[in-house]
Amino acid sequence: MYFTKNALVALALAAARLAVATTPGAPPVLAEVEAEVEAEIHARAPIPSFKVGWGQELQNHDQANHWVVWVEGESACPAAIELAKLVDSPCGQSFNLKGQQLSLADCSGNEPRSVHGSGGSKVLTCGSNGKNGRKITCHGNQHDIVQHGYCQ
């Protein structure tokens, strides 16, 4: 979706340039429009180059189940980041993965449908992606995780 918006912005800029170039006496507003578009693009959070796995950690330190996130494709144990108790929503909880500030968003019930970046814009789309109910067994003093899906 982010790429599509950027493509539309590029198309709009090209159309504006064409309109100014072909309209005699047109006001020189193109530079102002380009500056606004550049500011908007830079204000958006970068799209993560990784997937965000999410699910529930079973009975951690306080004997309550928690929502957790991790980098999908990497070990969730012990790298999972605890967001909230399972009785609370995981959405709106800020977390940091690989140096990027993110949050789960657009919950339907307690199931996130997207990940937003630090600027509040959508950067990833979430779904079960065939992982719903997948058990991740953690060893040692870690607790198991039931994956609900991942965001990409």
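Cys126 counts as buried, at 12% relative accessibility, where buried means under 20% relative accessible area, exposed over 50%, and partly exposed in between (1.4 Å probe, protein chains only). The model is a predicted one, in which local features need pLDDT of at least 70 and side-chain atom pairs count only at pLDDT 80 or more, while totals for chains, interfaces and linings use all residues. Residues are numbered from 1 along each chain as its sequence is written, and side-chain values use heavy atoms, with hydrogens and water left out. A search of the whole structure finds 3 disulfides, a disulfide being a pair of cysteine sulfur atoms within 2.5 Å. When the bonded cysteines of the protein chain are numbered in sequence order, the pairing reads 1-5, 2-3, 4-6.

**Cys126 and Cys151**

- Cys126 is joined to Cys151 by a disulfide, with an S to S distance of 2.0 Å, and the link is right-handed, with 100° about the S-S bond.
- Because Cys126 lies in strand β7 (residues 122-127) and Cys151 in strand β9, this pair ties together parts that are 25 residues apart in sequence; helices (H or I, at least four residues) and strands (E, at least two) are DSSP runs, numbered from the N terminus.
- Cys151 counts as buried, with a relative accessibility of 0%.

**Cys77 and Cys138**

- The sulfur atoms of Cys77 and Cys138 are 1.7 Å apart, and the two residues form a disulfide.
- The torsion about the S-S bond of Cys77 and Cys138 is about -55°, and therefore this disulfide is left-handed.
- Cys77 is found in the loop between β2 (66-71) and β3 (81-85), and Cys138 in the loop between β8 (134-136) and β9 (145-151), so that the pair ties together parts 61 residues apart in sequence.
- Cys77 is buried, its relative accessible area being 16%, and Cys138 is buried as well, with a relative accessible area of 8%.

**Cys91 and Cys107**

- Cys91 and Cys107 form a disulfide in which the sulfur atoms are 1.9 Å apart, and their link is right-handed, with 90° about the S-S bond.
- This pair links distant parts of the chain, 16 residues apart, with Cys91 in the loop between β3 and β4 (94-97) and Cys107 in the loop between β5 (100-105) and β6 (114-117).
- Cys91 counts as buried at 17% relative accessibility, whereas Cys107, at 23% relative accessibility, counts as partly exposed.
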